[in-house]
Amino acid sequence: MEKQQPPLSFDDTAIAFEHMSNKALKRANFLFSNIGKPWLVKLGAFATPLAFKLRLPVKGIIKSTIFNQFCGGETLEEAVKAAEELGRFGVGVALDYSVEAVEGEDNYDNAVPEFLRAIQYAAGKPHIPFIPIKVTGFARFELLEKMHKGETLTQEEKEEFERVRKRIHSICAAAAKGKVGVLVDAEESWVQQPVDDLTDEMMGLFNKGEVIVFNTFQMYRHDRLDFLHQSLAKAKAAGYLLGAKLVRGAYMEKERKRAEENAYPSPIQPNKDAADEDYDAAVRFCLDNLEHLAVFIGTHNEDSCMLAARLLDEKNIPHNHPRVSFSQLYGMSDNITFNLAHAGYRVSKYLPYGPVKDVVPYLIRRAQENTSIAGSMGRELSLIRKEMKRRGM
């Protein structure tokens with residue numbers, strides 16, 4: 001007898017693009033047509049920061065194209081409007097202040113109030129369940145690198161890290177008070193250990209009765225599935241709940257290049273199939289252990305999302321279970337996000353915001369990632385064009 005599939009399809013463009021006007025759909029068609037061209041992305045990655053440096057009037061062009069597609073606005077207030085619009089369709093947001101860290105103690109201190117403001121705003125609003133943070137936004141990269149290597153810190157460096165700890169603690173404490181989830185982003189493998197340790201410490205403090213703090217597991221690393229198992233064992237032994245944000249990963253080219261240059265084994269999976277297998281195994285593991293953890297399934301992979309949706313049905317777990325969330329980036333994979341929301345699953349968009357000039361590094365990374373994901377641009381484009389045809393455009 002044929003197995004019954006969940007009543008969920010990622011091909012329904014009427015649901016996927018219901019939130020978009022004809023004008024927005026045309027803009028998306030134009031953008032994804034061009035983002036698929038690696039030479040154009042390379043040119044943009046070089047020319048855009050240079051144009052800002054030379055004070056050329058490029059802000060308007062960037063804002064009306066790539067920025068509007070992938071960002072919620074320049075300010076918290078603008079991002080909140082985008083969040084409310086998504087909320088109308090049952091889609092939550094992870095309110096992501098995407099200004100890349102400028103080094104220096106004052107800059108690290110000054111970043112904290114922006115996150116506290118976002119948490120304060122999100123508190124009590126079910127459509128803003130998460131705030132992402134990057135530890136490198138509050139800490140000097142070289143300090144984390146030294147700690148990762150296990151080198152002895154000077155007294156001055158110990159004090160420096162204590163300030164980092166206090167910054168992260170103040171954000172997590174405010175989030176716990178407002179019942180807002182904190183998604184701690186993964187970093188490069190050579191600074192990840194102190195990030196994991198700090199995140200574990202915050203989970204130990206704030207994940208007692210419910211999950212507030214989430215660590216990120218990059219499954220394109222071949223050691224992370226084991227690390228996920230270890231993290232749960234550690235959480236159970238210490239009496240706190242694990243927050244597990246599952247992603248494939250964001251630093252593949254960088255990681256491979258550094259491993260090659262420094263003659264150490266690459267931490268990256270040998271191929272995409274291996275990453276996919278570990279990702280899906282991580283999804284299965286988390287859904288088998290919901291009494292001890294909450295899982296945030298952050299992926300644009302349709303098969304992994306469908307697997308998770310099917311498993312929830314098989315296990316008779318409600319689609320809107322408070323410990324299971326799906327997420328995609330704002331401006332991408334709307335066919336996954338909105339169809340999941342329509343079927344009653346808890347799903348959110350990563351919604352970046354910040355001044356155009358300061359968010360450019362984030363946008364360049366998005367464009368570069370997109371060109372390296374084989375076939376994904378073709379999929380986005382075909383769905384957009386299918387919807388345009390359905391509307392008679």
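**Notebook: loops, helix pairs, cores**

I began with Lys 179, which sits in the loop between H8 and strand E3 (181-184). The model is a predicted one. I looked up the backbone of Lys 179 and found a positive phi of about 55°, although the residue is not a glycine. I then checked its accessibility: at 57% relative accessibility, Lys 179 counts as exposed, because the cut-off for exposed is over 50%.

I turned to Ala 263, in the loop between helix H11 (252-261) and H12. Its phi is near 55°, again a positive value in a residue other than glycine. I noted a relative accessible area of 71%, so Ala 263 is exposed.

Next I looked at helix pairs. I needed two numbers for each, since packed helices are described by the angle between their axes and the distance between the axes.

For H8 (residues 155-178) and H9 (residues 192-206), I read axes that come within 11 Å and cross at roughly 40°. The two helices are therefore oblique to each other. I recorded the crossing of H8 past H9 as right-handed. From H8, the contact uses Phe 161, Val 164, Arg 165, Ile 168, His 169, Cys 172, Ala 173 and Ala 176. From H9, I listed Leu 198, Glu 201, Met 202, Leu 205 and Phe 206. I kept in mind that an α-helix has 3.6 residues a turn, so residues three or four places apart point the same way.

For H10 (residues 224-238) and H12 (residues 272-287), I found axes within 10 Å of each other, crossing at roughly 20°. An angle under 35 degrees counts as roughly parallel, and H10 and H12 are therefore roughly parallel to each other. I noted that this crossing is right-handed. H10 contributes Leu 225, Leu 228, His 229 and Leu 232 to the contact, and H12 contributes Asp 278, Ala 281, Ala 282, Phe 285 and Cys 286.

I then asked which residues have the most contacts inside the largest nonpolar core. They are Leu 95, Leu 228, Leu 246 and Phe 326, in a core of 86 residues. Helix H13 (residues 302-314) gives the most to this core, with 7 residues. I found another core lying apart from it, of 33 residues, among them Ala 24, Phe 70, Phe 214 and Met 388.

I followed up on Phe 326. Leaving out residues up to four places away in sequence, I have Phe 326 touching Ile 297, Cys 305, Ala 308, Ala 309, Leu 312, Leu 340, Tyr 345, Arg 346, Val 347 and Ser 348.

I went on to Gln 328, which is found in strand E7 (residues 324-329). Is Gln 328 buried or exposed? I found 2% relative accessibility, so Gln 328 counts as buried. Its side chain reaches the backbone oxygen of Thr 299 at 3.0 Å.

Last, I looked at helix H14 (residues 334-342), where 8 of the 9 residues are buried, so the helix is largely enclosed by the rest of the structure. I listed the buried residues as Asp 334, Asn 335, Ile 336, Thr 337, Phe 338, Asn 339, Leu 340 and Ala 341. After H14 I noted Gly 344, with a positive phi near 90°.

Key: Residues are numbered from 1 along each chain as its sequence is written. This is a predicted model: local features need pLDDT of at least 70, side-chain atom pairs count only at pLDDT 80 or more; totals for chains, interfaces and linings use all residues. Side-chain values use heavy atoms; hydrogens and water are left out. Buried means under 20% relative accessible area, exposed over 50%, partly exposed in between (1.4 Å probe, protein chains only). Helices (H or I, at least four residues) and strands (E, at least two) are DSSP runs, numbered from the N terminus. A polar contact is a pair of N or O atoms within 3.5 Å; within protein, one must be able to donate a hydrogen and the other to accept it, and residues adjacent in sequence count only if both atoms are side-chain atoms. A nonpolar core is a set of buried Ala, Val, Leu, Ile, Met, Phe, Trp, Tyr and Cys residues joined through side-chain atoms within 4.5 Å. Contact means heavy atoms within 4.5 Å. Axes are lines fitted to C-alpha atoms, for helices over the stretch in contact, and angles run from 0 to 180 degrees between N-to-C directions. Angles under 35 degrees count as roughly parallel, over 145 as roughly antiparallel, 65 to 115 as roughly perpendicular and the rest as oblique. A crossing is left-handed if the near helix is turned anticlockwise from the far one by less than a right angle, and right-handed if clockwise.
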